[in-house]
Each structure stands twice: as structure tokens, then as C-alpha cells.
Amino acid sequence: MTTPALRDLVIRHPGQLGKQPFLEVVDLKVHFPTDDGLVKSVDGLSFALDRGRTLGIVGESGSGKSVTSLAVMGLHTRPSSERTRPGAQLSGEIYLDGDELLSKTPEYVRSLRGKRMAMIFQDPLSAMNPYHTVGQQIIEAYRIHNPVNKKVARKHAIDMLGRVGIPEPSRRIESYPHQFSGGMRQRAMIAMSLSCDPDLLIADEPTTALDVTVQAQILDLIRDLQSEFNSSVVLITHDLGVVAELADDVLVMYAGRAMEYGSAEQLFNRPAHPYTWGLLGSIPRFDRVGAERLLAIKGTPPFHPRCGYAARNGGLSEDVRPELAPVEPGHTVACHLSPTEREQIWEHEIAPKL
Amino acid sequence: MTSPRHKPVAPTPDQDSDLIIVEGLVKHFPIRGGLLRRQVGAVQAVDGVNFAVKRGETFSIVGESGCGKSTTARLLTRLLEPTAGKVTLEGRDITHLKDSQLRPLRRDMQMIFQDPYSSLNPRHTVGKIVGAPYRIQGVSPEGGVKKAVQDLLAAVGLNPEHYNRYPHEFSGGQRQRIGIARTLALKPRLIVADEPVSALDVSIQAQILNLLEDLQEDFALTYVIIAHDLSVVRYVSDRVAVMYLGKIVELADAEALYGGPMHPYTVALMSAVPVPDTRRRQERERILLTGDVPSPISPPPACRFHTRCWKAQEICRTQEPPLVELLPRHRVACHFPENYPDEAVRESATEASTGEDYR
């Protein structure tokens, strides 16, 4: 992943070649030293995202999706002598509009948060301060980045609350987070994240805690606001349905590494990695008459013991970690199976059962 | 868990009879306030629910948070006492039984809980957790408790040698299996599962759903499954009830319900489910409900869905639609159902009577 040419091949899409993408993550590693050894939460992850596009990162709990987003936002505790707890060890490069973030000071990265990049957290109740009203929290974020007086900021906050669909925003701005329902709280947090029109929005499981009807409202909202501000969105979720709904590109993560990376159309119609097959096979389909049986993925990480096809490589899967390699333009996969083998398995064994 | 294609074997003489019947079930939680702690209102969690669950079937209740589905589950298993109405288990009225009278009944009905982290005692070994039902009920299984527990662990796909381990040594999916093993200990007839897979990762979800299906066949179980995930419900259920604000708005066979939902709420709910298929992104028509579910403390009068329904008319605000069988085995509580064959007829009839091109 060192030569620019190889990097281009693996992490950029045909349309992105030669251009600087808006967000580019190159060989990101986030390791946590613990008493039980080094936890490699993210271990060599690369991806790129253009303006106005949405990248979906899917994976199960512990696959490193949230750790990745916290790294981009610069929210990991860095190692320092004053702390008793060792922080995260980060390496690699993160470019936001050409600006490398990992080498910058925490103060500089903080100045970017809010305006350049913002995050929607999964749990709004713990992400908002219970002692301050919703309005105060939005106004504070807005005034840090915009030299306006309180009155203007307050009007802006009311506007934002109205935009995300909170009824009677001029009254609800005085409410505390606990006075909102789950869906309203999530919308208030989205209003807060969007109050400074961020160029990059990272949404970490934005709808996981919500009911489907509210989820549909929130997804629509993110889509509308994205097209209005031409922001880039990183959508982190375990729900393949949400990804298919919203994402342009999809990155499948497993145990801190990318297993497959391509456009949503490629990933859902021509998935190439056995793990992606497993994910697609293990979800009950809402839109089809019940299959006889779900194709469950057996066991727990790492992947080769769980993979039904690992035996075909003469022990290669046990000893060598596969690197991401292109299967078609803009579609890469980390798997030892040969392209012909893979195509055959997909067409004859997997696709008919989905 | 089984579709009509492969019903569990071992036909009993009364296979088609109802295992549990619920009539007019009501649960209001009082809200007390003021100096004297007088009752100032009530959360109308469940408000007049009727259904019957047949032996060997999987009956699911779906709905959004706060619709009363979990309360219904707890009323069925009598973890809560109903405010009104009647619950009949195998012909016996269990609505107002005392704890001591209920205990023997617990052998027949067991519950699987949502959160595998809080439903297992962290200070007990797996052996003690799964063996607890024997101890509490005073049952001595053949071959001893230890052997019975190890058999159960094997039945749910766990290593019987893990008998002496503690819950924290297991992953979420494995813990859910421990909880399932515990419910199976006394060979119950009815298992009420409250969101059995919603806390699990998708790949683990599939393992647990497959396990529940196998167990239903092996142990001749009847399931009542409470869930909010419509995809999971379609996969597991024979019949499905949709709840909204404490009432059942639609009840039908799973395929009929998913093939042609009739209540506008069901239609909206289903249109909101994201489908993992990029080709369908464009062609799908979404019905977006506005606002939130009203408070169950003061639910809207008459049809409870009328505040968010795009088809609501004056009659919906004044007259409550009863849950009636509009199609065979398909009950709906709505004045203006969707996907109803007569609807076209009725509309064209009204059009004809008011339109000008009446010939």
C-alpha cells in the first residue's frame, strides 16, 4: 500500500483515479495495548470517499467500524505519560480534503470537528449532555464556528430543529434531552451535527435504536440534507438493508480489516467474498417468501476456520493473510479463492439459495 | 418456526386445538401523583386484545416500541396480572392465579428474554443456571441433574464440558443458547420469546433462528415470539398479529399478511423496512408516517391510528373499527382497508353515484 499506483488500484474507483478524493484513509491501524496483549481493532484499512457520496461500512460487533470512525474524527485517547491508561496507537494516513490529520495536533483536529466533519452517534442519550437543554447544545456548537450573537444562533438552532422534523421547534428548544422520545432525540442530535453544514458526516449506527418507521424518516432526512449540502457521508451499520438503501459504495469489515470493497451495486449483486455471502445468507429476507433455512456463518473470528471454502487453497488460508485485490474495476476483495472458482461458487452454490 | 409445509410430527389427538386463548386482555399501569399518591391516570399498555395460539404453531406479535407487545408477553406468562380480560391455558383459566398456584404451571410455559447479558446470573455457573428449573420445581430428572443439563447444553449446540463455566466466558450468541437451554429444562409446551435475537449480530441471529426451528420440531413446542424486526417475523412465523398502541390492528397468516397487508399501519410499517437489494431502491414506494406514536397515557379516541393515517376520515375519529375477518383467516381493524378486493368496487360505486359520466 506504499506506491501511489497500487493505492489507486485498490482503494480508488475508476472515476477517482488521479484526483484527490475528499476523504482518504490509507493503511490505518488502531491498536490498543491491554494486559492481555495488543488488540488490533483496525489493522491496515484503506478507503476513499468523494464529495456528495455515501460510503457504507458494514460489519459485526467488534469488526472495528466504530474505532475507524473515531480515528477519523480524532477522538481516540492518544498515549501520554500523564495517563495511567495507555491510549490507542494509531498509524497510517487520514486525508481530509488533502489535509493529513493523524500528524496534526489534537487542537487543530478539534477546530475541524463541527464545521469540517461531524458525527452522529448511536446512542443520543449518552451523546448529549443531560444538564443542558437541547437548544443550548446546538447553539454552543454553532457559535464556536460562526461569529454570531446568541440571538442569531438561537434562530439558527430553531431552524435546524424544524428542518429535522421536530414539531414546535421554538418551544422544544428549551427541552432537556430526557424530555424527548428516542426518535426525537436522534433527530435533535442530527440537528446538532448538521448545524454547521459539515463537509463530512460520519453516522455511526444512526438508526439502530429506532423503530422502522422512525428509521425511514431519519434515513430520508440524511439523504435530503446530503443532497442539499453536498456532504460526504460515512454510514456505519450492521444492517445490510440500510446500506442498500443509502450507500453508493460499501466496505465490508471483519476483525479490523476490509474483506470486500466496491460499489453497492457490485456488492449486492456480485458479492465476491465468502464472508459477504455469509452476511447476505444469514439475514431473513423481508421481501421474499421464507427460505427453508438461513445460511448461518458458523463459529467466531478469525475467518478461515469459519469459511466453508478455506480447504480449497491447500492451507493457504491458514498461513497467509490475503490482501485486497481487484476483481473488476472499483471492486476489490481479500480472498485466496481464484476468480473462476469464486464465480462458480457464487453462481451455483450461493446465489440460488439467497 | 414451521411453515405449513413441514408441521412438526407427533400428531396429538387435539393438535388443532388452541393451547392458549386470550380474551379481552387489558393491562393499565396506574400513574400516581399528588400528596396522597392517588391515581391520576393510567398507561394503557394493552387495551382489549383477543387471540388464540394453536398447538405447534409459531405466533408472532410485531409492533413498534411502546405498542404493548412485551406487556402482552408478560401477561401471557402471568409475570404480570391483567387488569381485565381472561387468559386460558389448555382450558384452565390462569388470569388471577396466585403465585403458589402458578408455579406448577411454569413447567408448561417458559420465557426467552431479549438480553442475554442481564438474564443470566453472573455469579452462577452454567450448570447451576440451566439446572435451576429442576431445583425450583423439585424435579429429579432421570440420570441426575448434571446429565440432564449436559444433554440440554448439547441440544442447543454448546459444549457439555462447559458445565462449570460462568456466563462472562461466553459470547452473546452462546449466552442466548444458555438461556434457551434453561427454558427447555422442564420440557415446556409453550415458549414465549421476547425479542430473542434482536441483541445479536446478524450471523449469530441466523444460528439462533435455525436452532429455535430445530428445537420446535424436536420438542414439539409452540412459540409466541415478540419482535420488532419484520424480516425475522416473516421468516419464523405461521401467524402474525400487528399491534399499535395496545391493540391488535391486523392478524393473519404470515404469508397473507406480507403478501397483502390490509391495515394502513401494517402497509406503512412494511414499506419502511430497508431491503438489502440495490435494484429495488428506485422502484420502491415508501409511505412515510409523520410524527411519533401518541402517548399510551391518553391514546387518540376511536381508531388509534387516525392521527397518523393518510386515509383517515371523520368516522375514524368517532367510531372504533372492530377487528373483523375481512378475508378468510385475515382479521383487520380498519374502516378503509388496503388490498381489499371490495375496495375497488366500493370506490367505483361511489364514483359512479357522484360522477357525471353516469350511464
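Figure 1. Chain B contains 12 helices and 12 strands, and chain A contains 14 helices and 12 strands. Helices (H or I, at least four residues) and strands (E, at least two) are DSSP runs, numbered from the N terminus. The model is predicted: local features need pLDDT of at least 70, side-chain atom pairs count only at pLDDT 80 or more, and totals for chains, interfaces and linings use all residues. Residues are numbered from 1 along each chain as its sequence is written, while chains are lettered from A and ligands numbered from 1 in the order in which they are written. Of the 359 residues in chain B, 44% are buried; of the 354 residues in chain A, 47% are buried. A residue is termed buried if 20 or more other C-beta atoms lie within 10 Å of its own, exposed if 12 or fewer, and partly exposed in between, with C-beta atoms placed from the backbone. Among the contacts in chain B with a separation of 6 or more, 65% are made by residues 24 or more positions apart. In chain A, 63% of the contacts between residues at least 6 apart in sequence join residues at least 24 apart. Two residues are in contact if their C-beta atoms, placed from the backbone, lie within 7 Å.

**Figure 2. The four-stranded open sheet of chain B.** The strand order is β2-β1-β4-β5 (chain B), with antiparallel pairing. Strands pair if DSSP finds at least two bridges between them. Because β2 (38–54) and β5 (92–93) of chain B each have a single partner strand, one side of each is left without a neighbour in the sheet. Strand β1 (residues 18–33) of chain B is joined to β4(B) by 5 bridges, and Glu23(B) stands opposite Lys86(B) in β4(B). Between β4(B) and β5(B) there are 2 bridges, and these strands run antiparallel. Thr88(B) has Asp93(B) in β5(B) as its bridge partner. The hairpin of β4(B) and β5(B) has 2 residues between the strands, and Glu90(B) takes a positive phi near 50° there.

**Figure 3. Surroundings of Val87(B).** Val87(B) belongs to strand β4 (residues 84–89) of chain B. Val87(B) counts as buried because 21 C-beta neighbours lie inside 10 Å. Apart from neighbours within four places in sequence, Val87(B) is in contact with Ile20(B), Val22(B), Leu25(B), Leu75(B), Leu76(B), Pro82(B), Ile94(B) and Thr95(B). Gln114(B) is 27 residues from Val87(B) in sequence, and their C-alpha atoms are 23 Å apart in space.

**Figure 4. The eight-stranded open sheet of chain B.** The strands follow the order β6-β7-β8-β3-β9-β10-β12-β11 (chain B), and their pairing is mixed. At the edges are β6 (109–112) and β11 (324–327) of chain B, each of which pairs on one side only. On average, neighbouring strands of this sheet are turned by 25° against each other, direction ignored. Strand β3 (residues 58–62) of chain B runs parallel to strand β8 (residues 222–227) of chain B and is joined to that strand by 5 bridges. Thr58(B) stands opposite Tyr223(B) in β8(B). Helix α5 (residues 172–184) of chain B lies across β6 and β7 (190–194) of chain B, running at about 175° to β6(B). Axes are lines fitted to C-alpha atoms, for helices over the stretch in contact, and angles run from 0 to 180 degrees between N-to-C directions.

**Figure 5. The boundary between the domains of chain B.** Chain B is divided into domain 1 (1–108 + 189–359) and domain 2 (120–187), with bounds that come from an automatic or database domain assignment. Across the boundary, 11 residues of domain 1 of chain B are in contact with 12 residues of domain 2 of chain B. Helix α6 (residues 202–219) of chain B gives the most to the side of domain 1 that touches domain 2, with 6 residues. That side of domain 1 has 9 nonpolar, 1 polar and 1 charged residues. Ala, Val, Leu, Ile, Met, Phe, Trp, Tyr, Cys and Pro count as nonpolar, Asp, Glu, Lys and Arg as charged, and the others, Gly among them, as polar.

**Figure 6. The side of chain B that touches chain A.** Here 34 residues of chain B are in contact with 40 residues of chain A. The elements giving two or more residues to this side of chain B are α6, α7 (230–236) and α9 (264–271) of chain B. α6(B) gives the most, with 7 residues. By class, this side of chain B has 15 nonpolar, 11 polar and 8 charged residues.
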